[in-house]
Each structure stands twice: as C-alpha cells, then as structure tokens.
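Please look at the sequence and the structure below.

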Amino acid sequence: MSFIFLLIFLHSLSPMIHSLPLAPALYVFGDSMFDSGNNNILPTVAKADYPPYGVNFVKGVTGRFTNGRTVADFIAEFLGLPYAPPCISIISLSTPLTGLNYASGSCGILPETGNRLGKCLNLNEQIDLFERTVRSELPRHFKNPEELSDYLSKSIFIFSVGSNDYINNYLQPNMYSTSNRYPTQPFAQLLVDSLGQRFERLYNLGARKMVMFEIGPIGCIPSFTRQHYKQDGQCVEDTNQIVSFFNQRLPALLKYLAFTLQGSTFVLAQANFLAYDAITNPPKYGLMDSNNPCCITWANGTSGCIPLLTSCPNEYKHFFWDAYHLTEAACSLIATRCINDTSICTPFNIKELVQL
C-alpha cells in the first residue's frame, strides 16, 4: 500500500476517531483549490460541475475542482465536522452552525482578477457574504452576542487565495494592465497589503483562528510547463520566482496581525515547498506522475477536464488532476502535514491550533 493511498484510507476513518468536533465550525475562503460548488450557479466558464470532476468523491459531482476531496475537506474531517457547504449553492432554511464555504474558482484578492472568465467572488465579496452570515443568520442560534463571539473565536478559518492574482491577472499582460503598472515586488506588496485589510475585517467580524496557505509553485502546473517546455514537465522557475515575492511577505504580515489584533492567531501554511518537493521528487511521496494531468483536458493538457471522458486509472498516483488543480492524493498530503507538522503549518499546526 503506497504512502499516499494509506493517507487517504486513514482520512476516510477520521470521522470515526472522535465523536465530538474539535472546533465548532470551519469557514473556508479562497479560490478553486477550496471551492466546493459556489461557481456552479455563477455565470462563469470556471466550473467543475460535470464528470470526471468528483469521480472519487462520495457525493459525486459537486463543483470541486478535483477528483475527490479538497484540502478543506480533509481538514473538516480531522475536526470532526461536515464538509463546509458552498454558501451560495445550498438551499437551506437554516444556516449550518458547522461552517460554510465561500471560496470561488478563478477569483483572487484583487477585484478584477478572473473577471475575463465571468463572474466569481473575490475575497472581499466572500467576506461580504460572511458578514451577512454573522449579522443576519447566526445570531438567531445564540442566546446573546457573547455566545456568538465565543463560537466564532473557537472556529477555524482557512484561506487559499492569491494564485489567480497571478494566473488570471498579472501573468496575462495582454488582458490585464497590472504587470505594466507594477514591477514584481511592488505587485506582491499590493496583494499582501490588500490581504492584510481583509484579515482585519474578518477579525472585526469575530474571526480569531486563521490559517493562510501559501501560493503553490504555479510555474510547475501543467498549464505553464506544457506551454513553455511542451511535454517534459520542467518547472518554469521564472514564474515560481515571481510568486515567491508574495510568499516571502506573508510571515511578516501574519506576525504583525497576530501582534496587533488582540486574541488572534495566524497560522502560515507553508505548502509551496512541500508541493514543489512532491512535484520534483514524486517517489518520495508515493507518486508516479507529477507532470501530467490525470484527466484528459482541453488545449493539449493545458486547461480543464473535457466533460465525460475517462480519467487516468490510478488517480492516487498523480499529483495533478487537471492542468491547474491537484488530485485528492495531493490534497491529502498537504492537509495531513498541515494538521500534524509545525514545519509546514507554523507557529502551530492545526492539531495545536484547536487547543488554543
């Protein structure tokens, strides 16, 4: 049994390991790495609401941009919580107290990111929806504001955002002007400054325990490698360098916020190197293919999955599902390390974060 397959099997047992949730709720923000179906009803081409997406997911096709569970799903399982449902795709008379997913594929930190693909929810719009949840929907479930504040302070908030500000903005100079207006480092600072403002807003709404994932090595995704190097899968290191300027600024931002926002805890999920290492050394992680999409994609392996076509037979041995997104196996690897390893999620892993 391979290392990756064992991780997925153990995760499938995790809801049985503890009966009481380790946190009252999980709130999810970001992009298609975490999107669980919000884009399904938005007017955008950035959708995953058709097979083979969800081929290995217990609920089938949901709008997740992978074959199975996302990193957010694995974290929910560890916490003993249901998968956070998409906030705008569910029809419910009552807002679940176990959390919601606000993530939206193709969007980012900046409002214009991804808008050429259609409508998506940028990070500020996601927080608008969370504010509506906090102001209008959650209070009816609590006796007083103090109980609501206690609930929010113990809940976990996770973020995967920023990659599209490069993929669907800065790195498309023919469609967006940001690369003409900002050199690489000032652009990274613009993103980090904007992100800091969003975190402060969430803090003012009651969030206290926040986990921010780094942008991954997007110079290694098939969409980039196949355009630059055709079929050999070599990472485009110039692109990775550009993204590194954003990741390098995250530790200082999160430390500053934790120092200035009383009672807050900010965790940095250092997933970039872990992903890069898995891509460049796949056998180390029980993988066989870290260069090619598992599904058959449009545009010769550089885009999303073609509907209804059969995917590769051994998904758990692949790192990439389509030309942009990870397989369930890769998501399991990242989530497991963030839950248990303080060298990946720092200064606290998620197992420690829930005990604070």
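Ala 299 lies in helix H11, which spans residues 298–301. Helices here are DSSP runs of H or I with at least four residues, strands are runs of E with at least two, and both are numbered from the N terminus. The model is a predicted one, in which local features need pLDDT of at least 70 and side-chain atom pairs count only at pLDDT 80 or more, while totals for chains, interfaces and linings use all residues. Residue numbers start from 1 along each chain as its sequence is written, and side-chain values use heavy atoms, with hydrogens and water left out.

Although Ala 299 is not a glycine, its phi is positive, at about 55°. Ala 299 is also exposed, with a relative accessible area of 51%. Exposed stands for over 50% relative accessible area, buried for under 20%, and partly exposed for what is in between, computed with a 1.4 Å probe and protein chains only. Leu 308 is another residue that is not a glycine and has a positive phi, in this case about 75°. Leu 308 sits in the loop between H11 and strand S6 (318–320). With a relative accessible area of 68%, Leu 308 is exposed.

Where in the backbone are the cis peptide bonds of Pro 52 and Pro 347? The bond from Pro 51 to Pro 52 is cis, with omega near 10°, and Pro 52 belongs to the loop between strand S1 (26–30) and helix H2 (71–79). The bond from Thr 346 to Pro 347 is cis with omega near 5°. Pro 347 is in the loop between strand S7 (345–346) and helix H13 (350–353).

Next comes a buried loop residue. Leu 121, in the loop between H2 and H3, is buried, with a relative accessible area of 7%. Leaving aside residues up to four places away in sequence, Leu 121 touches Leu 42, Ile 88, Tyr 102, Ser 104, Cys 107, Gln 126 and Leu 129; a contact means heavy atoms within 4.5 Å. Ser 264 is 143 residues from Leu 121 along the chain, and the C-alpha atoms of the two are separated by 25 Å.

Helix H4 covers residues 145–154, and Leu 148, Tyr 151 and Leu 152 in this helix are buried. They cover an arc of only 95° around the axis, so they are on the same side of H4. The arc is that of the directions from the helix axis to the C-beta atoms. An α-helix has 3.6 residues a turn, so residues three or four places apart point the same way. The cover over the buried residues of H4 includes S1, helix H3 (123–137) and strand S2 (156–160).

Now the chain as a whole. The chain has 13 helices and seven strands. Its radius of gyration is 19 Å, close to the 21 Å that the globule rule gives for 356 residues, so the chain is as compact as a globular protein of that length. This radius is taken over C-alpha atoms, and the rule is 2.2 Å times the number of residues to the power 0.38. Along the principal axes, the C-alpha atoms fill a box of roughly 60 × 50 × 40 Å. Of the 356 residues in the chain, 60% are buried. Among contacts between residues at least 6 apart in sequence, 71% join residues at least 24 apart.
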